[in-house]
Amino acid sequence: MPTQRIYYEDSHARTFEGVVTACEPGKAGYRIALDRTCFFPEGGGQYGDRGSLRTPSGEIISVADTREREGVIWHSGDKPLPVGSPVTGELDWELRFARMQCHTGEHIVSGLFHRLYGLENVGFHLGDEEMTIDLSGGVTWAQAQEVQRLANRGVAEDVPVSCAVPPPEELARLEYRSKLALTENVRIVTIPGYDVCACCAPHVKRTGEIGLIHLAGIQNWKGGVRIRMLCGSRAVADVMAKQNQISAISALLSAKQEGAAQAVERLSGALETAKHRAAQLGKALAERKAEALPQGERCLLLFETLDTAALRTLVNAALDRDTGLCAAFAPEGDRFQYIIGSGQTDLRPLVKEMNGTLRGRGGGSAQMVQGSVQAGRREIEAWWNTVVNKS
Ligand SMILES: [Zn+2]
C-alpha cells in the first residue's frame, strides 16, 4: 500500500502519528514502512530526511535515511519495530528546513536562468555541504550575478510557493520546466514571476523563508556550466566564513578589503621580481664558486640556499673545468636537493648507494645525477667522508 505523504499536504509538519506497516532487515539496520509519514525520501538530487520514530513505551528509533520503492516510503532505522505498532515520527527539522531553503532557492535561480538566457537545468545535487546546478549552456559570471540579484529580489517580495496537481487538460496548456516527460499526476510548483516547474520535493511556503540566495562559483561543465550555490542559513554561514578570510587577507596585506585583489597582484609581481633577482644572484655565485674549484679532485659543496638552476650551472662549470667529481647540495623544504657531476666516474652506483644511505631519490646518467635526500648537513658530510673520499 502506498505511503500517505504528509509533506505534500504540509511541508512544515515536523511530527506525525503513524503505524508500522512493514519492517525488514536492511543494509544497515532495518527498513521500516509506515502508513503515513512526513519524511521525504531521497529523490530529484535531494537526500532523504533524517529524524526519529518513538514508540508509546518511549523507545527511540533513529532514522538515518529515507528511500522510496514503488510508492512505499522506507525509513532506515537502527532498531526493528513490530508491524502494527503506533509511532510518533519527528524530523531533524533544522536539516529539513535548510534543504527546503536551498531547494526552493534553486527553483528561483533555475527559473531565472531559463527565462533570461533560455537555459535548462540538466543536473541538480543538494548535499549537506554544497548545492550545485548544471545548466545546458554557457553563462558568464556577470550573467550569474544578475540572476543572483533578481533571485534575492524574489526573496524580498515574499511571494507564495504553491504546489498542485492540475487536471490533464490544464497541464497540457501549462508552460513549465520538467526533466521527465510525465503526463499524469504531475505536481506543479509555482513561484509567481519566477518559476513553474514539475517537482515532488517539499518547499518553503513563501520565498521570504529562503533567506539569502548566494551564488558561490561557476565552472565549465559538460558543454554548459556548473553553478555552486547556497541558500538561507548555509548561505549566511558561507558569507561569514568568507568575510573572515577577506578580513585576514587584507590585514596581512595592510590593504583595504575592497583593494585586496590588487594588493595580491602587486605582491605577486614583487615576488616574481625577487625570484628573478635571486636566480641571477645564485647563478653569479655558482660561476664564482666554479672558478675556484680545483681540477681533477672531488669536491663537496653544501649551500645554505641555492636554486636548482644555480646548482646545475655550478656542476656544469665544474665538468668543463675537469673537476674530478663535484657534488652540490642545497636545502629544499625538509630535504636537501643534489646535483652531482663527474667526467671520470660512473655516478650511477654511487647515487644508488647514497639514496640508500641518505633516504634519497633520484638518478640520472653516468656523468650527472640529480635528486634529493632526507638528510641533514652532518649526515651528508659523514657520507661524503666515509664513502666518497675513502673510495
Ligand atoms: Zn522543487
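# Working through a predicted model

Let's start with a helix on a sheet: helix α2 (residues 93-117) lies across β12 and β13, and runs at about 110 degrees to β13. Keep in mind that this is a predicted model. Now for some exercises.

**Exercise 1. Work out the order of the strands in the open sheet of 3 strands, and find which strands stand at its edges.**

Step 1. Reading across the sheet, you get β11-β12-β13, with antiparallel pairing.

Step 2. β11 (162-164) and β13 (195-198) each have a single partner strand, so each has one side left without a neighbour in the sheet, and these two are the edge strands.

Step 3. From one strand to the next, the twist averages 20 degrees.

Step 4. Zoom in on one pair: β11 and strand β12 (residues 188-191) run antiparallel and are joined by 3 bridges. Here C163 sits opposite V189 in β12.

**Exercise 2. Find the strands that pair with β2, and say how they run.**

Step 1. Take strand β8 (residues 86-91): 5 bridges tie it to strand β2 (residues 15-25), and the two run antiparallel. Within this pair, G18 faces V87 in β8.

Step 2. Now look at strand β3 (residues 30-34), which pairs with β2 over 5 bridges, again in the antiparallel sense. A22 has A33 in β3 as its bridge partner.

**Exercise 3. Describe how α6 and α7 pack: are they roughly parallel or roughly antiparallel?**

Step 1. Know what to look for: two packed helices are described by the angle between their axes and the distance between the axes.

Step 2. Get both values: the axes of helix α6 (residues 260-291) and helix α7 (residues 308-320) come within 8 Å and cross at roughly 20 degrees.

Step 3. Angles under 35 degrees count as roughly parallel, and α6 and α7 are therefore roughly parallel to each other. The crossing of α6 past α7 is right-handed.

Step 4. List who meets whom: A279, G282, K283, L285, A286, E287, K289 and A290 in α6 meet A309, A310, T313, L314, A317 and A318 in α7. Sorted by class, this contact of α6 with α7 has 9 nonpolar, 2 polar and 3 charged residues.

How values were computed
Residues are numbered from 1 along each chain as its sequence is written. This is a predicted model: local features need pLDDT of at least 70, side-chain atom pairs count only at pLDDT 80 or more; totals for chains, interfaces and linings use all residues. Two strands pair if DSSP finds at least two bridges between them. Helices (H or I, at least four residues) and strands (E, at least two) are DSSP runs, numbered from the N terminus. Axes are lines fitted to C-alpha atoms, for helices over the stretch in contact, and angles run from 0 to 180 degrees between N-to-C directions. Two residues are in contact if their C-beta atoms, placed from the backbone, lie within 7 Å. Angles under 35 degrees count as roughly parallel, over 145 as roughly antiparallel, 65 to 115 as roughly perpendicular and the rest as oblique. A crossing is left-handed if the near helix is turned anticlockwise from the far one by less than a right angle, and right-handed if clockwise. Ala, Val, Leu, Ile, Met, Phe, Trp, Tyr, Cys and Pro count as nonpolar, Asp, Glu, Lys and Arg as charged, and the others, Gly among them, as polar.
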